[in-house]
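Hi everyone, thanks for coming. Let's look at this one together, and please have the structure open while I talk.

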Amino acid sequence: MTRYIGREGAPREAPQGESRSPCVPPTSFEADPLKKRRWGLFLTGVVGGTLAAVYAVATPFLMPALRRVCLPFVPATPSQVENVVRMLRCRRGPLVDIGSGDGRVVIAAAKAGFPAVGYELNPWLVYYSRYRAWREGVRDSARFYVSDLWKVTFSQYTNVVIFGVPQMMPQLEKKLELELKDDARVIACRFPFPHWTPDQVTGEGTDTVWAYDASTFRGSVRGPGTLTRSPPDGDPGR
């Protein structure tokens, strides 16, 4: 039992139930460092996972800018897609879209009755294109693959669509001239090929589309100066 010293200096006994115990810090104070450490590890994991996810998603979109010939993803406008389909009228055979992006041209061609394929370097765009084809009900006739266009042979296609950039057109021109058959047609959007003479042109401004027949750019059918401009829908001259 603990004894106290009274005012007069005489010791006295502590009241029953009262005792002195050594000073023990609260449990919460002891647990704080452990909790802080756990929260620190949790936040580090969240930040690290977020950065990894952002890197995984963003890298396929940024990598084209680091290539020698940059082909960025710029979605086709409804007018561009419509003009491409117009250039495919009365044609048959398989179609390929070089750099198919989100798949809208391939899906439109599949709806028009073409077996269509899209090659795209960005895997996320390919996955999204496949989902869109499934949603639009054309997944059996619209196929998408992750591939570099320079590693693909286009000899099996009779219709080729390209949304290119000026830097790549001369090299692609040579590749297609070597690989395509005489009954093939190449449809260029946004930028024309530098040395070929188009057989047909439709659209205005950034929606302009140029159509080139392989038999023409190989010089086996037409001579220069026979360009045909396709009138818009509803024009009685069409």
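Start with helix 2, residues 78-87, and helix 3, residues 104-111: in this predicted model, their axes come within 10 Å and cross at roughly 40 degrees. Angles of 65 to 115 degrees would count as roughly perpendicular and those under 35 as roughly parallel, so helix 2 is oblique to helix 3. If you're wondering about the handedness, helix 2 passes helix 3 in a right-handed crossing.

Which residues make the contact? On helix 2, look for Val81, Val84 and Val85. On helix 3, the partners are Arg104, Val105 and Ala108. Sorted by class, this contact of helix 2 with helix 3 has five nonpolar residues, one charged and no polar ones.

Now let's move on to the cores. The largest nonpolar core has 26 residues, and the members that touch the most others are Phe154, Leu176, Val186 and Phe193. Where do its residues come from? Several elements supply at least two each, including strand 3 (95-98), strand 4 (116-120), strand 7 (185-189) and helix 6 (214-217). Helix 5 gives the most, with three residues.

Leaving aside residues up to four places away in sequence, Phe154 touches Val96, Ile98, Tyr119, Leu149, Lys175, Leu176, Glu179 and Leu180.

Conventions:
Residues numbered from 1 in each chain as written. Predicted model: local features only at pLDDT ≥ 70, side-chain atom pairs only at ≥ 80, totals over all residues. Heavy atoms only, no water. Axes fitted to C-alpha atoms, helices over the stretch in contact; angles between N-to-C directions. Helix = DSSP H or I, 4+ residues; strand = E, 2+ residues; numbered from the N terminus. Parallel < 35°, antiparallel > 145°, perpendicular 65-115°, else oblique. Left-handed = near helix turned anticlockwise from the far one by under 90°. Contact = heavy atoms within 4.5 Å. Nonpolar A, V, L, I, M, F, W, Y, C, P; charged D, E, K, R; others polar. Core = buried A, V, L, I, M, F, W, Y, C linked by side-chain atoms within 4.5 Å. Buried < 20%, exposed > 50% of the residue type's maximum accessible area, 1.4 Å probe, protein only.
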